[in-house]
Each structure stands twice: as structure tokens, then as C-alpha cells.
Amino acid sequence: MCSPDPEDMVVMPTHDIPAYDECNDPYGPEGHLSLDIDCFSAFMNRPDNRMMSKPVIVRGIPWRILAICRYRRLGKLRNRSQVFSYSRSQQGGRHTISSRVSRNNYNFGFFLQCNNDELLQKRGIWRCYGQATLEVLNTKGASIQKKIHHSFHNGEVDWGFSNYDQYDTLMNPKDGYVVNDTIKLRCRFTADVPSGAGYLWDSKRHTGCIGLRNQGATCYMNSILQSFYFTTGFRRAVYKMEVGTEPSESNIVLAMQRVFYELQMSSEAVETNSLTRAFGWDKLDAFNQHDVQEFCRVLLDNLETKMKGSSEEKSIPNLFRGNMKSYIKCLDVDYESSRTESFYDVQLNVLGMDSLERAFQAYTTSETLDDENKYDAGDHGLQRAEKGVKFVELPPVLHVQLMRFQYCGVEQKINERFSFPEKMNLAECCELGPLLTEEDCVYSLHAVLVHSGEFHGGHYVTFINVNLHESAVDPTATAKWCKFDDDVVSRTTTDDAIVSNFGGEKAMNTSAYMLVYVRDNAIEQVLAPIPDTQIPQSVSRTFELERMTRNREKKKMEEEQLCMTVALVTPDIVATNHTYDLVEQTIINEVIPHETVWKHMMTAELYLFVNDKLFQKSDLPKVDMFDNDDHAMELRHRVIRQIKSKKFNFRLWRMSDAYPMEKSQKQPSRLRPTEVL
């Protein structure tokens with residue numbers, strides 16, 4: 001339960017919420033709840049009266065509206081939330097604090113409840129962050145809306161307001177909140193992926209995408225790599241690169257191909273250890289956050305260098321490189337000096353800017369050189385001139401670096417609100433001509449890379465519209481934004497991907513630091529899907545062999561944990577021993593062969609195993625002990641019953657070290673039969 005903030009109480013026109021729809025994605029990011037309370041006056045005259053809405057499943061867990069009638073404790077604030085009274089102001093739709101005493105002795109509590117099912121409670125410790133707008137509809141116009149955000153957990157499953165609003169205000173027929181003794185409650189909410197031992201989030205199943213594991217502080221690298229992976233033109237170029245003769249441990253091309261191939265073919269989060277090893281990083285480097293822009297440039301420069309002389313030599317420049325012209329043009333004489341430079345990203349100021357459009361405008365706005373600052377135009381002497389920058393060629397993929405981290409006397413992160421559009425036209429910032437038409441200036445937002453935290457540390461995630469290519473080809477297709485948070489990938493709303501990352505005072509130091517735009521007339525080419533069949537055979541063969549080897553090693557390790565070795569000491573071996581012990585330890589270690597058996601093998605199965613090894617093989621069917629299929633289990637039980645009915649001409653004894661009871665008389669190890677099996 002949280003304290004109401006007056007700024008959160010925005011009064012808006014009433015928009016009813018759609019009815020509960022079972023077809024909605026139960027693992028999606030948002031939900032809509034509704035609860036109509038009939039006989040509201042009777043509901044508010046019984047202490048601890050409760051009513052809950054029908055549940056809506058979001059992120060795989062149930063959510064409900066919880067309405068409560070609570071006894072008013074005058075002169076005190078409730079221990080779980082602060083209580084304020086509100087009444088309508090004379091000027092308009094806003095609610096103001098009032099000292100008016102309600103005629104009713106009960107408070108109306110309005111809460112959002114998460115995961116309160118008894119079965120789900122048994123899962124143990126869990127946590128899920130959610131945001132919501134709690135709304136009371138008004139049939140005459142303005143509704144009451146209050147916002148909450150909270151990290152729900154197994155010890156606190158509801159959050160909201162113990163006293164949502166004045167009872168008299170709600171019941172007043174002139175205000176229109178209760179009509180025919182019925183009040184209508186609505187809730188719009190979004191939720192993050194829940195965490196906890198009881199929740200296993202399947203990113204591949206819920207989104208079709210998988211994440212990258214964090215090695216310690218490599219979330220910044222993961223966010224960049226996911227952006228590159230979904231730029232399929234870049235992924236295709238990496239697949240086609242020649243690996244060369246470098247050792248695999250330091251081969252960046254091979255490591256990049258491995259990461260991209262696993263992201264496309266695997267169903268579990270992908271390791272990036274091979275890539276960081278190829279960079280020459282040690283384990284300590286994996287716990288140090290590097291500069292994101294520097295990492296991006298170094299990676300592209302390294303790959304571009306390795307592409308030289310190959311068929312993919314121009315792949316990276318053709319995707320990311322643009323050209324801008326720095327010019328000085330005289331105003332009174334016909335003279336201009338200019339220089340064209342290439343760029344792979346554009347760095348824009350955030351401080352003092354309120355939007356991306358404003359920042360681009362400031363970046364390309366010209367200044368006048370006049371008075372004492374006139375330009376020396378050579379033979380023309382000192383002249384008034386215009387100095388500025390214009391884009392003369394724009395890349396298909398435009399990386400925009402927002403300068404959130406600056407040194408302004410002290411190192412600090414600039415978290416000012418800075419908006420950016422889903423569609424952008426840069427024609428006003430360009431010099432149009434043969435190399436750049438107005439059509440080449442229109443971009444769509446593809447990815448938003450976000451930082452949460454302070455200057456010296458924090459966490460990085462990325463939001464990607466994985467459906468941008470489909471929406472460009474098919475106008476009826478909609479955006480599909482996904483949040484990539486290291487190894488967890490989840491669907492998210494467009495607002496959460498864009499608007500929530502503008503920054504500002506209430507953004508909890510979370511804001512976009514890098515934007516990836518794709519030119520509209522290049523989307524079909526740059527973001528074209530890569531079917532599995534189009535992956536080069538050399539790449540597929542290399543990593544499928546790696547996967548087979550990895551699976552064999554994994555199976556071997558699992559078997560080692562489930563198996564044990566035993567030495568079978570027979571009477572013949574005992575008969576040849578002439579020392580005090582039944583058998584020497586050196587004979588057991590060096591002469592007698594050791595057999596591998598399953599740890600969970602039944603005694604009857606062990607007898608059959610020894611019989612097969614030392615005497616005569618049985619004709620009983622072989623059973624896979626790790627097959628949990630009902631048929632396999634029944635077959636195993638049947639075989640065990642047959643073994644128990646079989647008579648063996650030997651007995652098995654477990655041998656162990658035998659010592660005198662008193663420690664002072666402890667002698668060297670002596671193996672003795674201690675238990676008949």
C-alpha cells in the first residue's frame with residue numbers, strides 16, 4: 001500500500017476496460033481488471049467486507065482487484081499506508097485534500113493483488129514488480145485515477161490504498177461514481193517477469209527469443225550483442241566471414257559466429273565466455289563495466305579489419321557508415337570551405353534538450369561568424385560566414401549515442417527527460433542531393449538500449465522490436481517489443497519500451513543511452529529473416545560438432561554423479577592371498593578390474609549385474625533406469641520381480657574397513673565383510 005501522490009491523481013475521460021479475455025497471452029506484460037460492486041452502500045456498512053475480481057493471468061501468475069471495507073481509525077494513519085481524504089475542487093477535475101469528516105465510519109480500500117492462490121503460495125519465496133492505475137469510473141465524465149508501483153512478494157501480495165477516496169464523495173449522486181448503488185472499479189497494470197526459486201521462465205517458449213548469460217558485469221555487452229543479432233544484415237555478414245588460422249581461443253570471428261549461431265539455434269540462454277576470452281579478457285575484466293560506445297566501436301573496427309580482402313569487406317560500412325559535411329560558407333561572397341567525414345554513430349547532447357528532434361536540430365544548426373569572429377576566406381579576406389554541419393549520406397542502420405554520462409565538475413549521469421519518436425524524419429538536418437533523397441531520411445525505431453543506475457555502475461537492458469521487418473512488409477502487422485535482460489527475455493508494451501525510458505525525475509535513474517534506428521527503405525533488406533537453412537554449412541557443421549561434444553561431456557558428468565565403481569572380489573582372489581587381510585588394498589586398486597554401476601540400482605539388479613559379469617548372461621530384457629515413462633517403470637518392476645524369483649549360486653558381501661573399538665589400538669586398514677546383501 002502506497003501513499004497517494006497528488007500528481008498521480010490525473011483526472012481523465014472515462015474509458016472502460018475490455019472484459020476478461022481468456023485468449024489473452026497468460027505470459028504477456030499487461031492486463032486489465034474490472035470489478036463492479038452492486039449494493040455498494042451495503043458493502044460499505046460491514047467491517048472487513050471483501051470482494052475480489054475474476055483473476056487475469058499475466059506473466060504466468062494471477063492478478064485481481066481487491067476491494068475492502070475497513071473500520072475508520074480516527075486520528076491515526078494505518079500501519080500499511082498513509083490515508084488522505086479528498087474532495088472535488090471547485091475549479092475542475094482535480095481532487096484536493098479536505099478535512100471534511102465522512103458520515104460513514106468505514107474506509108473504502110482499493111488494492112491490486114498478486115499471486116495469492118494457495119497453491120502458488122506454496123512455491124516459496126518469489127518477487128514480481130508491477131505498476132498499475134487504479135480507477136473508479138464516472139458516468140458523468142471525469143474518473144478518479146491513482147497510480148501505484150510496487151515489488152510484490154510472498155510476504156506482501158497486495159498494494160494500493162486503505163482509503164481510496166471519501167465515502168461521501170463516492171456516494172454523492174451528483175458526482176456520478178455510484179449509480180444505482182453500483183460502483184465500477186478498473187485497473188490497468190503491467191508486470192515484470194517474476195523471480196524466485198518456484199518460477200522457471202522459458203524465454204524461448206514465451207517470446208521465441210533467448211538471452212545471454214551475465215558473467216558478472218557483462219550486461220552492457222549483452223545489450224549490444226542482442227541489438228547486433230537482430231540486425232540480420234550484420235548477422236548474415238558475420239556468418240559469411242572467414243574464420244582464418246587464428247587459435248580458437250583468440251578468434252573473435254569464430255566467437256561471434258558461435259554466439260549468433262547459438263542465439264538462433266539453442267533453446268537456452270547462451271554463454272559469452274568464448275567471446276570475452278577472444279577479447280583477451282580475464283575473469284576480473286568480466287566484473288568491470290566497460291564504456292558501451294567504446295566497446296561497440298572496437299568490436300566493429302575489429303570485424304571490419306578482418307573482413308578486408310574478403311567478399312564481405314564492405315558489409316559493415318554499407319550497414320553503419322554515413323557521411324557528414326562540416327562547412328563554412330561566406331554570406332557576402334561566393335566562397336565555401338567544406339570537409340566530409342565518415343561516422344558510425346551520432347553522439348547527441350541530452351543536457352538542455354528535451355527531445356531527439358531538438359538534439360538533432362541543435363547538432364546541425366549553423367552559427368554565424370561575424371564581427372571579431374569573421375572567417376578568413378583567403379583572397380576574399382575576412383568575411384561574414386555561416387558555419388555548420390549537414391548529413392550528406394545516412395546509413396541504413398543509425399546508431400544514436402545519447403550523452404547521458406558527462407563530466408560537469410563531477411562525474412554524473414544526466415537523467416533529464418529526453419523523448420524520442422518511433423518514426424523520425426531527418427530531412428531538415430541533411431543536404432539533399434543525388435546521394436541522399438528525402439526518402440532516405442525516414443527512420444523507424446528498432447532498439448532502445450537502457451541504463452539503470454548511476455555514473456559508476458548500474459544495469460543495462462535492451463528493448464527490441466523483433467517484428468519491425470514484418471510490420472514493414474505487412475501493414476496489418478503490429479510492433480512486437482521484447483525486453484532482453486541478460487538471460488531473461490519477455491514481451492513488453494510499446495510504452496514500456498519507449499515512453500518509460502525517456503528519463504526524468506520520476507524515472508528512478510532509468511533512461512535510454514543508445515537508440516538504433518533503421519531506414520524505412522532498407523528495412524526489408526537489413527532486417528530480412530535468416531532461415532536455418534541459409535546459415536552457411538561450414539558454420540552449422542562447426543557448431544553442431546561442438547554441441548554434440550558438449551552434450552556428450554554433459555551426459556558423462558551426469559552419469560558420473562549417478563554412478564559409482566565397485567571392485568568384485570571373488571573367492572579365487574581371496575585364496576591366493578597369504579597376508580593377514582582377506583585381500584591386499586594394492587590388489588584391489590591395481591589388479592582387480594572395477595565395474596561401473598548405477599547408485600540407485602536395487603539389490604536384485606546388482607545380483608543380476610554380477611551374475612552377468614562373472615557367470616552367465618541373463619536373457620531378461622534390459623531396462624533404462626532413467627526412463628520415467630510409465631511403460632518403462634512397469635517393465636523395470638516386472639524384471640525386478642523376475643530377478644527376485646531367480647536363485648543365484650553366490651552371495652554378495654559389502655566389504656569395509658574394520659578397526660578395533662578403541663582409537664588407541666587403531667591399526668592399518670583391514671578389509672572385512674561387514675554386511676551380506
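Which element gives the most to the lining of the largest cavity? In this predicted model, local features need pLDDT of at least 70 and side-chain atom pairs count only at pLDDT 80 or more, whereas totals for chains, interfaces and linings use all residues. Residues are numbered from 1 along each chain as its sequence is written, and side-chain values use heavy atoms, with hydrogens and water left out.

A search of the whole structure finds one cavity of 30 Å³ or more, a cavity being a set of points, on a 1 Å grid over the protein atoms alone, where a 1.4 Å probe fits but cannot get out. About 40 Å³ of space lies in this cavity, the volume being the space filled by probe spheres set on grid points that are joined across faces, edges and corners. Among the residues that line it are Leu 212, Cys 219, Tyr 460 and Phe 484, lining residues being those with an atom within 4 Å of a point. Helix H5 (219-230) and strands S27 (457-465) and S28 (481-485) each give two or more residues to this lining, and H5 gives the most, with four residues; helices (H or I, at least four residues) and strands (E, at least two) are DSSP runs numbered from the N terminus. The lining divides into five nonpolar, three polar and two charged residues, where Ala, Val, Leu, Ile, Met, Phe, Trp, Tyr, Cys and Pro count as nonpolar, Asp, Glu, Lys and Arg as charged, and the others, Gly among them, as polar.

The second largest pocket holds about 990 Å³ of space, a pocket being an open set with protein on both sides within 12 Å along at least five of seven lines. Of its 32 lining residues, Ala 567, Leu 568, Leu 652, Trp 653 and Arg 654 are the closest to its centre. By class, the lining has 24 nonpolar, four polar and four charged residues.

The axes of helix H7 (residues 252-265) and helix H9 (residues 292-307) come within 10 Å and cross at roughly 115°, axes being lines fitted to C-alpha atoms, for helices over the stretch in contact, with angles running from 0 to 180 degrees between N-to-C directions. H7 is therefore roughly perpendicular to H9, the term covering angles of 65 to 115 degrees. Ile 252, Val 253 and Met 256 in H7 meet Leu 299, Asn 302, Leu 303 and Lys 306 in H9, contact meaning heavy atoms within 4.5 Å.

The axes of helix H6 (residues 232-240) and H7 come within 9 Å and cross at roughly 125°, so H6 and H7 are oblique to each other, oblique being what remains once angles under 35 degrees (roughly parallel), over 145 (roughly antiparallel) and 65 to 115 are set aside.
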